[in-house]
Amino acid sequence: MQIVAANFKMHKTRKETIEYLKELKKIDFGSVKVAVFPPFTALFEDELIGAQNAYPEINGAFTGEIGLEQLSEFNIKRVLIGHSERRHIIGESQEFIAKKFDFYKKHNFEIFYCIGEPLDIRKQGLKAVVEYLKTQFVGIDLNYDKLIIAYEPVWAIGTGVSASLEEIRETHSEIRKFTSRPILYGGSVKLHNIKDILEIENVDGVLVGSASLDVEVFKEMIKIAKDEK
Ligand code: PEP
């Protein structure tokens with residue numbers, strides 16, 4: 001089974017997200033698991049929708065955050081944790097990320113857990129990459145049965161430069177040594193490279209940012225995934 005997920009980041013309004021899902025659902029997903037992560041203001045009850053982030057509390061004095069209570073209003077049971085933009089721009093620590101993981105695991109959420117190395121680490125080679133990724137596994141239950149890992153090299157996100165097929169292959173096979181859960185690739189996945197990426201061993205799907213914003217492109221990606229293993 002392939003997993004194809006869309007991360008809208010800080011794009012699209014509620015109205016646009018509703019229209020997007022309506023359009024998306026015109027196609028048959030077959031056995032592909034599809035997930036869509038819109039901004040908080042566009043959350044609503046739909047089996048495809050997950051939150052891009054959430055605070056590890058039910059509710060409370062955490063200005064600017066949303067917690068379990070707000071997600072539960074829309075019956076949302078899927079969350080993205082550890083995206084590199086939150087690690088590197090917002091400054092979330094591994095300790096805090098692990099707290100979120102624990103909390104939403106306790107509440108039985110499906111967790112898309114993002115990992116990935118910056119460019120200076122990649123330049124040091126695969127061994128350094130694996131050592132770096134191991135620091136992002138600290139405090140994370142890699143056997144959680146609702147865990148989906150997304151390997152997203154920081155230097156490939158939003159840059160238009162995907163990791164090479166060989167880099168993806170060797171990194172996913174290293175990650176596979178730590179977990180049997182699905183491993184997605186993310187980082188400049190586009191219509192022109194998705195097929196080759198999905199064909200790599202130990203790639204169980206993709207997490208797509210910018211290319212997912214166009215629903216016609218995302219539909220096409222799902223169709224390609226349907227034809228894969
Ligand atoms: C992402 O942010 O998860 C991502 C993969 O972005 P992009 O596809 O734009 O590189």
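View 1. K9 is buried, with a relative accessible area of 18% (buried means under 20% relative accessible area, exposed over 50%, partly exposed in between, with a 1.4 Å probe and protein chains only). The model is predicted: local features need pLDDT of at least 70, side-chain atom pairs count only at pLDDT 80 or more, and totals for chains, interfaces and linings use all residues. Residues are numbered from 1 along each chain as its sequence is written, and side-chain values use heavy atoms, with hydrogens and water left out. K9 belongs to the loop between strand 1 (3-7) and helix 1 (14-24); helices (H or I, at least four residues) and strands (E, at least two) are DSSP runs, numbered from the N terminus. Although K9 is not a glycine, its phi is positive, about 55°.

View 2. Of the 14 residues around the ligand, the nearest are K9, E152, G158, S188 and S210 (a residue is near if one of its heavy atoms lies within 4 Å of the molecule). A polar side-chain atom of K9 is 2.6 Å from an oxygen atom of the ligand. For E152, a polar side-chain atom lies 2.7 Å from a ligand oxygen, and for S210 such an atom lies 2.6 Å from a ligand oxygen. The ligand taken alone exposes 290 Å², of which the protein buries 99% (areas come from the Shrake-Rupley method with a 1.4 Å probe).

**View 3. The shell around the ligand.** By class, this shell has four nonpolar, eight polar and two charged residues. Ala, Val, Leu, Ile, Met, Phe, Trp, Tyr, Cys and Pro count as nonpolar, Asp, Glu, Lys and Arg as charged, and the others, Gly among them, as polar.

**View 4. N75, a loop residue with positive phi.** N75 lies in the loop between helix 2 (68-73) and strand 3 (78-81). The phi of N75 is positive, about 55°, although N75 is not a glycine. With 48% relative accessibility, N75 counts as partly exposed.

**View 5. A163 in its loop.** A163 is placed in the loop between strand 5 (147-151) and helix 7 (165-176). A163 counts as buried because its relative accessibility is 6%. From C-alpha to C-alpha, A163 and F101 are 27 Å apart in space, and they are 62 residues apart in sequence.

**View 6. K226 in helix 9.** Helix 9 (residues 215-226) contains K226. K226 is partly exposed, at a relative accessible area of 35%.

Note on methods: A polar contact is a pair of N or O atoms within 3.5 Å; within protein, one must be able to donate a hydrogen and the other to accept it, and residues adjacent in sequence count only if both atoms are side-chain atoms.
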